[in-house]
Amino acid sequence: MNLRTLINKLPPEATYETSHLLLRLPILPRLLKALGPRRPVPARLNHKTIDGPIGIGAGIDKDGLLMDLAAAMPVGFHVVGSITPSPREGNPRPRFLKYPELGAMINAMGLPSRGAGAALRIVKSKCPSWPNSKLLIVSAAGFTVEEVVRTARAASAIKCVDYVELNVSSPTYRGLWLEGDGLRRLLGEAERLDKPALIKVPLLRNIDAERRLISELAASGLGLTIANTLPITAPLPRGYGGLSGAPINELVVSLIRIARRVGHRGLIIGTGGFLDGASVMAGLRAGADLVGIVTAFAMEGPAAVYRITAELRRYVGKPNVSSPP
Ligand SMILES: Cc1cc2nc3c(=O)[nH]c(=O)nc-3n(C[C@H](O)[C@H](O)[C@H](O)COP(=O)(O)O)c2cc1C
């Protein structure tokens, strides 16, 4: 039985919390560095070479405690968050389910975080050792424009933060950001941040509404992270959750293609069911600049990063993956 099979046989909540504790141990980044050199597959973004087209998407490192680990891995970017202005416990447990045979998860974490004060202090403390060859992204969440903007502004004032991702698409909001003019007001505020912003695009059950939303967001000129999880009913205490992993991949790749087709020229991070090198390449070829992995990391831990990086090596020199500089 390999490690992945063993981990996936244990209760999901227990493995998530135990593995998070293990991943935070300072020995792990040191071990990974010592095991090196594991050469990343370099990627180019805005004339800068970064440590690969893949990175860790929002939800794995809620409070910045895994930044040392991310710094040691062959990833081109790392997302911290989502962070809310005040600390949040999140939903009652259990709050996620794993379906390894489907390469899928359903989660209803409920945006737990230590809150902007504590989490951004952690991020700031790790800036001096954050590598120049990786982008650092902070995901800001909240239930009002003011809440999201408060965290986004505080994050964008931190020197080593390259982008601020605005999470308007968590299933926890239950569609809140799609009502009224909140999203439009937030887009206006996003343009005034000190650092460039990315909007985390929701997956909607109505494909026409999704196309309209992508066109509207593309017109804003802000970066896009396509996409968040697909809200579905689930046997969890809240009765719903967000589906992630392989089942949403085809839809996510199509939405990336649509965003480029409607003329979006800004940064696109594809996130949703990118579980291996071939799917990452499909995302890049559809028009994503970078690809985030979340479910793959939640199921396999750092091994997912090394496996996908090794698989990507086959494509080096082909369109979308740089040759070593
Ligand atoms: C356990 C878990 C927690 C997540 N938490 C967040 C979050 O805090 N903020 C956010 O924008 N997305 C969050 N997501 C969504 C992921 O960032 C990603 O958009 C989605 O899971 C699709 O990617 P994947 O198929 O690689 O998991 C979470 C996903 C999972 C599985």
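Strand S3 (54-61), strand S4 (77-83) and strand S12 (240-245) each contribute at least two residues to the shell around the ligand. Strands here (E, at least two residues) and helices (H or I, at least four residues) are DSSP runs numbered from the N terminus. The model is predicted: local features need pLDDT of at least 70, side-chain atom pairs count only at pLDDT 80 or more, and totals for chains, interfaces and linings use all residues. Residues are numbered from 1 along each chain as its sequence is written, and side-chain values use heavy atoms, with hydrogens and water left out.

The ligand is surrounded by 20 residues, and the closest are Ala58, Lys62, Ser82, Gly273 and Thr295. By class, the shell holds 5 nonpolar, 13 polar and 2 charged residues. Nonpolar here means Ala, Val, Leu, Ile, Met, Phe, Trp, Tyr, Cys and Pro; charged means Asp, Glu, Lys and Arg; the others, Gly among them, count as polar.

| Residue | Protein atom | Distance to a ligand oxygen atom |
|---|---|---|
| Glycine 245 | polar backbone atom | 2.8 Å |
| Glycine 272 | backbone N or O atom | 3.4 Å |
| Threonine 295 | polar side-chain atom | 2.5 Å |

Of the 600 Å² of accessible area that the ligand has on its own, the protein covers 98%; the areas come from the Shrake-Rupley method with a 1.4 Å probe. The ligand sits in the largest cavity. A cavity is a set of points, on a 1 Å grid over the protein atoms alone, where a 1.4 Å probe fits but cannot get out, and a molecule sits in it if more than half of its atoms lie within 2 Å of its grid points.

UniProt lists residues 46-314 as "domain: Dihydroorotate dehydrogenase catalytic" in an unreviewed entry; such annotations may be inferred rather than shown by experiment. Residues 46-314 are 35% helix and 24% strand, and the end C-alpha atoms of the span lie 24 Å apart.

Some backbone features lie in loops. Asparagine 46 has a positive phi of about 45° although it is not a glycine; this asparagine is in the loop between strand S1 (43-45) and strand S2 (48-50). The peptide bond from arginine 93 to proline 94 is cis, with omega near -5°, and proline 94 is in the loop between S4 and strand S5 (96-99). The bond from isoleucine 226 to alanine 227 is also cis, with omega near 15°. Alanine 227 belongs to the loop between strand S10 (223-226) and strand S11 (230-233).

How values were computed:
Near = heavy atom within 4 Å. Polar contact = N/O pair within 3.5 Å; in protein donor to acceptor, adjacent residues only side chain to side chain. 1 Å grid on protein atoms, 1.4 Å probe; cavity = no way out; pocket = protein on both sides within 12 Å on 5 of 7 lines; lining within 4 Å.
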